[in-house]
Amino acid sequence: MDKIVVNNLDLFYGEQQALNNISLTMKEKSVTALIGPSGCGKSTFLRTLNRMQDLTPGVKIIGQVKIDGQDIYDADTDVVLLRKKVGMVFQHPNPFPKSVFENVAYGPRIHGETDKRKLSEIVESSLKDAALWNEVKDRLHESALGLSGGQQQRLCIARLLAVGPEILLMDEPTSALDPISTMKIEELIAELKDKYTIIIVTHNMHQASRVSDRTAFFLSGDLIEEDVTSILFTRPAKKKTEDYISGRFG
Amino acid sequence: MDKIVVNNLDLFYGEQQALNNISLTMKEKSVTALIGPSGCGKSTFLRTLNRMQDLTPGVKIIGQVKIDGQDIYDADTDVVLLRKKVGMVFQHPNPFPKSVFENVAYGPRIHGETDKRKLSEIVESSLKDAALWNEVKDRLHESALGLSGGQQQRLCIARLLAVGPEILLMDEPTSALDPISTMKIEELIAELKDKYTIIIVTHNMHQASRVSDRTAFFLSGDLIEEDVTSILFTRPAKKKTEDYISGRFG
Amino acid sequence: AEQTPEASSNNSNTATTIDKKTISSAGSTALQPLVKLAANEFMAKNDGVQVNLSGGGSMTGLNNVASGSIEIGNSDVITPDELKSAGLVDHQVCVAPFLLIVNKDVTIDNITKAQAADIFTGKITNWKDVGGQDEKISIIGRAASSGTRLNVEKIVMDGQKMTDAAAAQDSTGNLLTGVANTPGAIGYIDAAYLKDTVKALKFNGVAFSPEAVMNGDYPIYSYEHMYTKGEATGTVKLFLDYIMSNEFQDKFVEQTGFIPVSKMKK
Amino acid sequence: MKARRADRLASVFLWAGAFLIVALLIAFLGLILGRGLPYLSWEFFNGPDGVRGQLFNSFYILFMSLAFSLPIGLGAGIYMAEYAPKNKFTDLIRLSTESLASVPSIVFGLFGMIVFVNMFGLGFTILGGSATLALLNLPILVRVTEESLRAVPRSYREASLALGATMWQTLRKVVLPTALPGLITGVTLVAGRALGETAILIFTAGMNVSRKLFDVNPMAAGETLAVHLFAVKSNPLPGTNADQIADGTAALLIIMVIFFNLCLTLPSRWLQFRLLGKKRA
Amino acid sequence: MPHHKSKVYYNDRISKYLFISSAVLVSLIILCIIWFVGMQGLSMFKEASVLDFFTSSKWSPDSGQYGALTFVVGSIGTTLIAILLGGPLGLAGAVFLAEIAPPWIRKIMRPATDLFAGIPSVVYGYVGITVVVGFTRDITKSATGYGMLAAGIVLAVMILPTVISLSEDALRSLPKTYKEASLALGATRWQTIRRVLVPAASPGILTALILAMARAIGETMAVQMVIGNSPRFPDSLGSPTSTLTSNIVMEMGNTPYGSTWNNGLFMMAFLLLIIALIMIILVRTASRKGAVR
Ligand SMILES: Nc1ncnc2c1ncn2[C@@H]1O[C@H](COP(=O)(O)OP(=O)(O)OP(=O)(O)O)[C@@H](O)[C@H]1O
Ligand SMILES: Nc1ncnc2c1ncn2[C@@H]1O[C@H](COP(=O)(O)OP(=O)(O)OP(=O)(O)O)[C@@H](O)[C@H]1O
Ligand SMILES: [Mg+2]
Ligand SMILES: [Mg+2]
Ligand SMILES: O=P([O-])([O-])[O-]
């Protein structure tokens with residue numbers, strides 16, 4: 001089923017156009033990878049999907065982004081609810097300067113959960129879902145900033161899962177991590193895709209081919225090509241895509 | 001001829017060891033690429049070669065780095081002269097907030113050149129060597145910060161060439177650049193290697209294979225393997241190298 | 001043209017009772033120590049009453065009492081024309097004598113009125129012209145608007161203006177420090193503040209003493225005033241009455257270096 | 001080589017400059033404490049000319065002025081850092097804050113005297129002084145708030161907002177706690193300046209103290225230590241040990257400022273340590 | 001929508017309005033100050049000449065002469081002396097702290113320099129009268145030593161914390177890459193500081209200097225104790241003159257409210273305010289220029 005449908009999306013930073021007429025459909029409970037050289041607009045596109053782009057001053061967006069059939073840029077869209085439903089993981093792990101527990105409990109708390117026992121349950125199950133429970137269960141009340149980079153990134157994923165999103169946006173979630181942590185996150189993504197719709201930006205084409213069902217290739221603000229991952233990497237339709245994946249640039 | 005010889009180099013950030021017993025030889029007028037996953041110590045190693053690492057507080061270095069047969073960590077080494085001879089290009093282009101001309105003239109000026117005409121000559125030839133002259137010759141006195149990323153990076157290379165170094169250290173010089181700029185820098189490197197000894201860090205294996213004569217693979221502070229580039233990428237001796245270049249991690 | 005206030009009226013006056021719990025008084029810095037003392041004594045005698053006090057200069061007191069934001073304005077000078085219409089009522093509470101003081105390196109001990117006037121107008125600029133050592137005279141006075149300065153100009157200089165080459169300090173304390181630290185300096189202060197870091201000059205051959213002021217031999221002095229807006233009533237009247245009481249005048253006024261109004265033989 | 005010599009020479013000069021600055025500071029502190037410390041006795045606080053009232057007033061006025069200025073300063077600072085779009089309106093506000101920061105304190109004093117003392121009829125009271133002093137604190141607080149909020153990494157806000165938190169929740173639960181050490185430093189700065197302020201207070205808070213000890217009545221007279229120092233220096237009545245009182249008061253003021261610094265910075269270091277797991281190094 | 005949501009939104013909106021109102025209030029305050037002080041001050045020109053006020057140095061209110069030029073010159077002169085003496089020293093301190101000091105020295109020295117700001121003005125003034133004035137008397141060979149030089153020296157010390165902390169912040173907020181790039185080209189530390197770091201931080205340093213000047217020109221108590229307070233053009237740096245602030249405190253307490261004389265003092269305060277505003281505009285231009293670069 002189509003979860004996200006983007007129609008003719010243009011995005012401008014002030015005068016400068018960063019996305020040109022993007023149309024793209026993402027299926028429910030699947031992983032879509034966005035690839036392309038640095039500066040091609042991958043992050044920009046991702047951030048339109050939960051309206052994080054609203055926070056950047058001077059951004060103008062034209063076009064349609066429908067999630068579950070509803071245009072999220074409608075005037076009556078509740079941005080807070082939207083962001084609860086469409087969670088985001090960032091390139092650099094960004095836990096709050098609080099304890100591990102408080103990081104995960106943050107979302108449920110702001111959404112009104114006050115019951116201690118309930119919170120503990122949510123924290124535990126989220127950490128388990130993010131494959132982090134065993135590593136941190138004895139240091140739940142220590143600062144999250146003391147964790148390693150990979151652990152921090154999984155903590156951020158746990159924090160996200162705790163609010164019960166349906167869609168996960170991930171912007172190069174492993175680019176700042178070591179190989180072992182990267183592997184763990186990739187495994188995690190494989191598990192999560194049974195429950196969530198995942199869009200992941202990556203500059204590592206091997207990663208894209210390992211984790212995603214479909215892949216979209218961006219270049220200078222244009223969506224060049226989108227297809228089933230294995231097809232895009234082996235028999236790309238466009239010359240530009242081929243040049244990129246064969247490493248001729250980027 | 002051996003330009004740089006590194007023997008049993010250990011490096012510690014405080015307690016934490018970041019380089020383990022590295023021994024590596026780099027030939028004159030050749031390009032050596034350093035590859036490896038993020039955090040493996042590529043930058044750390046590179047910065048020991050011109051003693052930029054001295055600026056990081058709490059760093060301890062054991063072992064020997066010989067350039068032209070002289071141990072640069074000897075007590076009587078003149079660090080300023082060393083850095084003049086061993087130039088460095090950084091991951092993010094970092095021109096000074098001055099005009100294009102002043103950026104390139106900076107090095108000659110601090111090394112005592114005051115003659116206007118001489119300076120102009122140096123600036124022009126350096127910019128030409130860095131393949132930037134045609135693009136900036138009409139805006140020499142505008143701020144360098146107005147240039148595009150790729151131009152800025154070439155400006156930094158021109159600035160470097162103007163002091164007349166013998167060795168160029170480049171730390172992911174294209175990772176922040178667009179494909180076209182990347183191509184230009186790669187072409188530039190190909191030209192420069194006739195005159196200079198170049199060490200380049202890159203996370204792009206295609207780039208490494210395109211520009212370098214020899215490649216060294218680092219992993220978690222260890223030098224796993226070093227060989228002629230074409231051999232390392234096609235018939236690596238070590239399983240870890242193979243895993244990495246085949247994209248199994250990183 | 002001074003009339004003696006009803007100095008005899010005491011706390012015994014049954015018509016007057018405490019109405020306000022807090023009264024404020026501000027103005028002359030010269031008079032402030034005396035008022036502060038009175039306020040403390042008065043508050044000790046009348047539990048629960050607050051007398052708030054501020055300096056700021058004579059006109060600050062008059063301005064604020066005229067505008068009604070405080071009850072009593074303390075002043076070294078009589079009301080200027082600008083404030084006459086505000087209905088301020090004068091209470092002369094004591095007499096303040098002034099001294100001419102010099103740096104300790106100055107060799108003369110006495111000064112005549114004419115000499116002093118010539119020094120302050122800038123006609124004489126060297127001590128040797130008045131019988132002292134050969135040294136430049138440095139005048140350190142008070143601000144153009146200071147009550148102390150106005151009185152010195154009136155009495156010593158017969159209304160001539162002080163030269164504006166003089167350095168000035170805004171308070172007696174800073175003036176004292178200045179005169180004590182500047183060779184060849186001369187200045188003028190309220191007698192109460194004399195310290196042994198400076199030397200007081202005889203004026204026309206008469207050394208300052210309270211007695212000399214009382215019997216008219218020492219002429220540099222002025223009356224200190226406390227103004228109310230309209231006739232004083234309630235707590236304010238009680239407070240002013242206390243200041244004028246024999247108890248306070250005899251015990252404290254002299255102790256602080258002022259002279260009780262009643263002792264002036266005039 | 002010339003460059004090398006210049007480098008060495010410059011180092012010498014910079015060290016000398018730093019040394020001079022520290023020497024000046026030590027000279028000042030030495031002078032003030034050396035003269036004043038010997039007089040700090042129980043008598044000095046509680047005797048007939050004791051400064052206990054002034055000491056109390058100093059803090060009372062400081063806290064009252066903070067009570068007025070802190071909420072507004074924080075609010076305006078938060079607005080500037082977090083909400084303010086770039087337009088004419090916010091430009092005007094920014095200009096106002098910066099202008100307010102450069103208003104000479106004597107001007108504040110005169111303004112306070114016209115407005116609070118006279119127009120509002122507060123007279124020379126703790127309330128009038130605090131209200132005027134609050135004006136002095138305000139721009140510093142706005143500035144410090146804005147700066148410490150801006151120093152909070154953007155990623156914290158993004159993380160919180162991306163979880164569906166409102167701006168206010170993000171501020172209250174993430175941004176403000178993280179900025180707290182910076183805010184505390186700011187308050188210390190404000191306190192240091194406010195404790196030493198005279199020009200404003202002689203025109204607004206008066207120059208004597210309530211006879212009652214710890215008189216919390218805001219309409220009581222509000223002489224502070226700094227004003228007391230000024231008054232005693234200005235009119236050193238003989239027979240009152242004026243010089244000693246002045247010296248002692250100056251020393252006490254300095255001790256208070258240092259004490260305040262320690263009181264606020266140590267917990268904030270600790271807080272930073274707790275929050276960020278930073279090493280003290 | 002869960003039940004608690006409405007409250008969350010309500011809080012969000014309310015808090016935002018509170019923040020905006022605080023910001024507006026801050027603007028209103030400065031407008032009020034300008035209004036009150038300005039109105040009071042400008043009303044002096046009902047009786048005094050505007051031209052004289054700005055161009056004459058004859059301040060003799062008794063005889064109806066209201067020339068404030070002396071005070072303006074005094075204020076600007078002392079401020080310039082202060083910045084000439086305190087600026088380089090403070091800048092040296094800032095460079096030292098940002099680039100040279102070992103961490104432990106910085107950790108002590110940085111908060112210690114803030115203590116300069118905590119010393120009450122009266123104490124500065126007192127040290128001025130007892131120490132500085134004697135020194136300026138000797139070097140200017142004048143009779144008293146009171147004057148612009150003494151005031152400038154005292155102010156130079158008083159502005160140190162402003163110069164040091166703001167300049168150090170400016171230096172510290174430079175990208176580390178400038179320093180690395182310069183050193184990697186074989187520049188010495190001093191060359192890096194002088195040719196790259198200080199120029200790159202110059203908008204911030206300029207801001208620091210201008211704010212320090214604003215602080216100096218507004219300082220009252222300390223200046224008033226050492227300037228000599230004579231309302232006339234000084235013959236030398238060591239002879240008594242006045243500044244705007246010193247003359248305001250000297251005469252404010254002893255002139256009747258509403259008189260032309262008193263209004264003249266408010267006019268001086270207004271002038272100070274205007275000078276301060278001009279400085280702020282300079283700061284903004286300085287930092288805007290920095291942003292463009
Ligand atoms: N806030 C902004 N204001 C102006 N331009 C921006 C802004 N953010 C990004 N851009 C520009 O928009 C273009 C797309 O940027 P974007 O960050 O989306 O690229 P990306 O594909 O995510 O690159 P990377 O792989 O480096 O993260 C770039 O040219 C970038 O310079
Ligand atoms: N200043 C420092 N203090 C402490 N640890 C450091 C410091 N700089 C780097 N490290 C650590 O040393 C290790 C090697 O870092 P380095 O920057 O050399 O990696 P790299 O191979 O260049 O990675 P990348 O591809 O991300 O640039 C990492 O674990 C890093 O966390
Ligand atoms: Mg991106
Ligand atoms: Mg690196
Ligand atoms: O007592 P005065 O301050 O007005 O001289």
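# Briefing: contacts between and within the chains

In chain B, the side chain of Gln153(B) comes to 2.8 Å from the backbone oxygen of Pro173(B), a polar contact in the sense of a pair of N or O atoms within 3.5 Å, where within protein one must be able to donate a hydrogen and the other to accept it, and where residues adjacent in sequence count only if both atoms are side-chain atoms. This is a predicted model, in which local features need pLDDT of at least 70 and side-chain atom pairs count only at pLDDT 80 or more, while totals for chains, interfaces and linings use all residues. Residues are numbered from 1 along each chain as its sequence is written, chains are lettered from A and ligands numbered from 1 in the order in which they are written, and side-chain values use heavy atoms, with hydrogens and water left out.

- Gln153(B) belongs to helix H6 (residues 149–161) of chain B, where helices (H or I, at least four residues) and strands (E, at least two) are DSSP runs numbered from the N terminus.
- With a relative accessibility of 0%, Gln153(B) is buried, a word that means under 20% relative accessible area, whereas exposed means over 50% and partly exposed lies in between (1.4 Å probe, protein chains only).

**Chains D and E**

- Eight pairs of chains are in contact, and among them chains D and E share the most contacts, contact being defined as heavy atoms within 4.5 Å.
- Chain D brings 78 residues to this contact and chain E brings 73 residues.
- About 6500 Å² is buried between chain D and chain E, with carbon and sulfur atoms giving 81% of it; buried area is the accessible area (1.4 Å probe) that two parts lose on being put together, summed over both.
- On the chain D side, Leu14(D), Ile21(D) and Phe28(D) lose the most area to chain E, and together they make up 10% of what that side buries.
- Between chain D and chain E there are zero salt bridges, a salt bridge being a side-chain nitrogen of Lys or Arg within 4 Å of a carboxyl oxygen of Asp or Glu.
- Helix H1 (residues 2–36) of chain D gives the largest share of the side of chain D that touches chain E, namely 20 residues.

**Chains A and D**

- Here the contact takes 26 residues from chain A and 21 residues from chain D, and the buried area is about 1900 Å², of which carbon and sulfur atoms give 62%.
- Pro97(A), Tyr106(A) and Ile110(A) supply 30% of the area that chain A buries against chain D, which is more than any other three residues.
- One salt bridge is counted between chain A and chain D, and the side chains of Glu158(D) and Arg47(A) meet in a salt bridge at 3.1 Å, N to O.

**Chains that do not touch**

- Chain A and chain C are not in contact, their nearest C-alpha atoms being 50 Å apart.
- Chain B and chain C are likewise without contact, and their closest C-alpha atoms lie 51 Å apart.

**Salt bridges within chains**

- Over all chains, the structure holds 58 salt bridges.
- Lys3(B) and Glu166(B) form one of them through their side chains, at 2.7 Å from N to O.
- Because Lys3(B) lies in strand E1 (residues 2–13) of chain B and Glu166(B) in the loop between H6 and strand E7 (167–171) of chain B, this pair ties together parts that are 163 residues apart in sequence.
- Lys3(B) is buried, with a relative accessible area of 4%, whereas Glu166(B) is partly exposed at 34% relative accessibility.
- Arg109(B) and Glu102(B) also meet in a salt bridge, at 2.8 Å from N to O; Arg109(B) is partly exposed at 22%, and Glu102(B) is partly exposed at 27%.
- In chain E, a network of salt bridges links Arg106(E), Arg110(E), Glu168(E), Asp169(E) and Arg172(E).

**Helix H8 of chain E**

- The buried residues of helix H8 (residues 176–184) of chain E are Tyr178(E), Glu180(E), Ala181(E), Ser182(E), Leu183(E) and Ala184(E).
- After H8(E) comes Gly186(E), whose phi is positive, near 90°.
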